[in-house]
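Hi everyone, thanks for making time this morning. Let me put the sequence and the structure up on the screen, and then I'll walk you through them.

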Amino acid sequence: MSHLDELESNSIYLLREAYHAFERPAMLWSMGKDSNALLWLAKKAFCGNIPFPIVHIDTTYEFPEMLEFRSWARDHYGFDLVVWINEEARARGIGYETTDPVTVTHELKTVALQQTLAHHKYDALITGIRRDEDSTRAKERAFSPRTADFEWDYKDQPPEFWNHFTTEVGPGEHVRVQPLLDWTEMDIWRYLDQEKVPLPGMYFSRNGKRFRSIGCMPISKPVDSNATTIDDIIEELKVTRISERAGRAQDHHERNAMQKLRAKGFM
Amino acid sequence: MTKLSDTTLPAGAPAAAAPSAGTAPALPHLSFVVVGHVDHGKSTLIGRLLFDTHSVEEGKAERIQAACKAEGMEFEYAFLMDALLEEQAQNITMDTTRVPFRTDRRAYTIIDAPGHKEFLKNMITGAASADAAVLLVDAKEGLREQTRRHGFLLSLLGLRQIVVAVNKMDLVNYDQKVFDSISAELREFLGRLGVPPTHIVPISAKLGYGLISRSEHFSWYKGPVLLEALEQFRSTPPAAGAPLRLTVQDVYRFDARRIVAGLVEAGSLSVGDRIEFFPGGKHSVIKTIEEWPARADGSTPKGPVGAGRSTAITLADELFIERGQIGGPPEDPPSVSYYFTARVFWLHADSLKVGELVPLRLGAQQGEGRIASIERTLDAVTLDASTGPATEVKRHEVAEVRIRMRRPLAFDAGGRLPALGRFVLMRGRRIAGGGVIDAALRDDAVGGGGLSANRVALLGHRGTVIWMTGLSGSGKSTLAQELEKRLLRAGVLAAVLDGDVLRTGLSRNLGFTTEDRRENLRRAIELALHLADAGVVVIAALISPFRADRAMAAKRAADRGIPFAEVFVNAPLAECERRDPKQLYKRARAGEIPLFTGIDSPYEAPLAPDLELRTDEVPVGESVEKLADLALALARPPIPENGAGADI
């Protein structure tokens, strides 16, 4: 059994546990590569079905090409798509044109997520975060509880071992289910390649540049790359020592910005 | 790609050394945990390994170094690992961290586990998923409390691949005598735990000696450096070659089919295999293996699906399978038991107490177990056992306990298939402890039948059969129904089993030939005994005219340890025929019902009934009280003086 097979089986196990344990689970989807791997795993876990809604937190700064992919994927896979925008914040004028990226991320992603949860009463959010993306994510649990105030109590995380997880929550609380925690960026690419998972074209080189990590338009920067196939990308990753999220401005705005964002409910 | 220039590096750091290269074949992924006493250098070791194998993202080391310089601190490799602000401020790892790194030969996941006792739950969270462990010991301090505790927990968690790194050798002048003395102590300690170390390696994590390349400072050391020692480890092989164990996570009905979804914990499964589900024992044949997306060539998977795989199957028969059951071959099933011994560790502030009913999860099974006894608690530091039974297991303690489940549990004990012998204990919504089952215990080992004792504990009484015999119309059903009400009011679970119950259901396919009547009675006896086994006071109200049949019922009950009383509901035939509530005598006299008891078939009255009730002489209420006295005396025996069964 290959390492990818192990990762796949473990992720499917987690998805099935989440679907069993929670009354109203939902899966977050950004159309990005990890998100698409997650969607693929869900299709596998539930034999071609996706038995929970797929939520996209739309910041209104999405790349048009990603929005096209969103419609295409919904029809292709056949799932219940929920799109949420923090209209209130946009009405107040919150945006990259006027505000710092940490605040914008908080308002248009975290607060938007809170609004979605309050509205739909989800008790579990399945996300595609990985431990190798950031050093605070490296300390995450597969089933990670969040308080009603959306807080991550990273100082007192519940124990988690032998495939047993925190599967019960109090009123207003929810659990982040994170089936891709053990995967690395390299694993994701190898898996996408192995499974021939459909992906947005922005990940591949055009005119000597490609996106390694795709977020909001104003703060996602492409990297120099001639990688036009997944094989090329894998070769590129073998030698790089630049972090995957280096192109994401909000992570680097201040020291430990990511920990602060995450403690407040960011993924 | 940038590199820290040698001049800006902390003293003694080598120019980033290449990991052991060569053309050796790639090894499978390995995850290893680094454990040991607080401040013995775990995060430093990991930071150094990452740095020396070029696994640190570009600029990170430089940034941290600049920050250290600004604050007048010495650069520490540990800062590469401790991500949370609190960790950086206190210079202590609080929660377990996983980081990938790779050499030319292998991809690794390093699990950094906190050494501080307060964060033991995080240490276990990290260590439980590792294939191997590095136990770190400070050369200057030697074995400390957490060194021993962690060693002990590694053995309990089932880790068998352990390398010891004796760190900070630079602080003892690379003295071989210090190393040898610590090695001897460690070999003795880990040997007693059954986890002898594969290698004991001298290192200086801070200076990078002995991790990736040899150091002239310990030329006296001939063994492998740390990375070489790790390369000798295998990733934990899923139990192949073992009998199938399929943990059922769920049964899906997305369409008309029932899809059984789960994880193959051991063995393998293929289409056509016979499979039985435990506890329960329902069995079928695997009809299909479900797979998405469908294969391009239109073929369907036949298996084998091996250990470690998540899978989904359908069965040839429509069985009611439940989450938690374990699928396995009928010829090599898991143990199914209510009662077992286990070693547990406890992580919650509220102690685990003897007599406590605690939620338990094993695989996808969820149940409640009573802590029947705490045989002894173990001091994980000294390995000294408490002298005798204890009343509680405190936080961070380890104990040998006996647990009695309310419902049966399927498992494989004694490390036969580790994944099937591990469980967690819950306190509220949280995992509060874990344990490993050492052996199933026989129910009769606990003085008076542990299996039914569970039900006695649940119901407050035991199952009993009150067998009422008498002519049709003698008043059996009336008395039976009144007795049922009377017992239910007294808090006793009672159920009537009479001719109507049988003839409209279980025996609907039977007629009234001698053969069919005998079969009907056989079914009545089986059902009565089964219900009584399940704790019910069964009130059987059946003509049962033949002494031999009633004697058989009594004997079968005695064989199974079920109290049984024969009650003769007696009224003269003339009186019964006068009452004739169902007009049966009339029809029998008219020849419509052949072989009717009392008319053209004999009734053999009991010779020595436990109770005789003359329904033509005694009022119903009085008879019911006599019956209730009899039933309660049997269902609620006096508690024996010697305390047998007192722990139920």
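**A sheet and its chain**

Let's start with one pair of residues: A:Arg146 stands opposite A:His174 in E6(A). Strands here are DSSP runs of E, at least two residues long, while helices are runs of H or I of at least four, and both are numbered from the N terminus.

A word on the source: this is a predicted model, where local features need pLDDT of at least 70, side-chain atom pairs count only at pLDDT 80 or more, and totals for chains, interfaces and linings use all residues. Residues are numbered from 1 along each chain as its sequence is written, and chains are lettered from A and ligands numbered from 1 in the order in which they are written.

Back to our strands: E5(A) and E6(A), residues 174–177, pair in the antiparallel sense over 4 bridges. Pairing needs at least two DSSP bridges between the strands.

Now zoom out. In chain A, 6 strands make an open sheet, ordered E3-E2-E1-E4-E6-E5, with mixed pairing. At the edges sit E3 (81–84) and E5 (143–146) of chain A, each pairing on one side only.

And the whole chain? Chain A has 8 helices and 8 strands. Its radius of gyration, taken over C-alpha atoms, is 18 Å, close to the 18 Å from the globule rule (2.2 Å times the number of residues to the power 0.38) for 267 residues, so chain A is as compact as a globular protein of that length. The C-alpha trace of chain A spans about 50 × 50 × 40 Å along its principal axes.
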